[in-house]
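Visitor: I would like to learn how to read a fold from its coordinates. Please take me through one example.

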Amino acid sequence: MNREYGIQINKISDYFAKEKVKEEGNADLGEITFQSIRDVDDIFGPECTIKINWEKKDPTQYHHGLKVKDTIRMFSSINVVITKKETRWHLSHEMTYWLGRKQKMERGRYYQTSVIHGIVFCELTNRLFEVHAEVFAKYYENYKPLIMQVLETLQCHAS
Ligand SMILES: [Zn+2]
């Protein structure tokens, strides 16, 4: 999948709607969005949204620890409470992901959501990848394995 972007994503779960997949950009800068088939309601929208974006970076200007801190700072500033952070190996790269939760209000209604954010720099293509998923909290356990699978099987230097 997505040869033109130089990435490969494993077959996505049937929980996500093929007709709602959005792709834009090119191999150096781009984004793919997946949305679940089922909506919470017409205000909140899909139960789960997963966004994968990537951007070419000068490797000498990239510092993984700082980037992770920046994302945490940025999401904290929009009221995401970070609950866990973990670093592991992704292919030959260091990958960090953090989990969080957020209460958001839309049109007078409160929604509790869970967030998973993964960050990996691919030294083979000099691209920074971020996977950002937001799930309606009540369905978090259903979607978490699917999100982690997207994160773990993302081929950042597929050719
Ligand atoms: Zn890679």
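Visitor: What is the order of the strands in the open sheet, and with which pairing?

Guide: First, the source. This is a predicted model, in which local features need pLDDT of at least 70 and side-chain atom pairs count only at pLDDT 80 or more, while totals for chains, interfaces and linings use all residues. Residues are numbered from 1 along each chain as its sequence is written.
In general, strands of a sheet pair through backbone hydrogen bonds, either parallel or antiparallel. Here two strands pair if DSSP finds at least two bridges between them. The open sheet has 7 strands in the order E1-E2-E5-E9-E8-E7-E6, and the pairing is antiparallel. Strand E1 (22-25) and strand E6 (80-90) stand at the edges with a single partner strand each, so one side of each has no neighbour in the sheet. On average, neighbouring strands are turned by 15 degrees against each other, direction ignored.

Visitor: How many helices and strands does the protein have, and in what order do they run?

Guide: Helices (H or I, at least four residues) and strands (E, at least two) are DSSP runs, numbered from the N terminus. The protein has 2 helices and 9 strands, and from the N terminus on they run β-β-β-β-β-α-β-β-β-β-α.

Visitor: Which strands form hairpins?

Guide: E6 and E7 form one, with 2 residues between them, and Leu91 in the turn has a positive phi of about 55 degrees. These two strands pair in the antiparallel sense over 10 bridges, with Trp89 opposite Glu94 in E7. E7 and E8 also form a hairpin with 2 residues between them; there Arg107 in the turn has a positive phi of about 45 degrees. The antiparallel E7 and E8 are joined by 12 bridges, and Trp98 stands opposite His117 in E8.

Visitor: Which residues have the most contacts inside the largest nonpolar core?

Guide: In soluble globular proteins, nonpolar side chains tend to be buried together. A residue is buried if 20 or more other C-beta atoms lie within 10 Å of its own, exposed if 12 or fewer, and partly exposed in between, with C-beta atoms placed from the backbone. A nonpolar core is a set of buried Ala, Val, Leu, Ile, Met, Phe, Trp, Tyr and Cys residues joined through C-beta atoms within 7 Å. The largest has 32 residues, and Ile50, Phe129, Val131, Ala133, Ile147 and Leu154 have the most contacts inside it. Among the elements that each supply at least two residues of this core are strand E5 (48-56), strand E9 (127-136) and helix H2 (140-153).
Contact means that the C-beta atoms of two residues, placed from the backbone, lie within 7 Å. Leaving aside residues up to four places away in sequence, Ile50 touches Phe34, Val131, Ala133, Ile147 and Val150.

Visitor: Is helix H1 covered or uncovered?

Guide: H1 is hardly covered: the count of buried residues among its 14 residues is 0. One of its residues is Ser76, as the helix takes in residues 64-77. Ser76 is exposed, with 12 other C-beta atoms within 10 Å. The C-alpha atoms of Ser76 and Arg101 are separated by 9.9 Å, although the two are 25 residues apart along the chain. After H1 comes Asn79, whose phi is positive, near 70 degrees.

Visitor: What fraction of the whole protein counts as buried?

Guide: Of the 159 residues, 28% count as buried. The C-alpha trace spans about 45 × 35 × 25 Å along its principal axes.

Terms used:
Axes fitted to C-alpha atoms, helices over the stretch in contact; angles between N-to-C directions.
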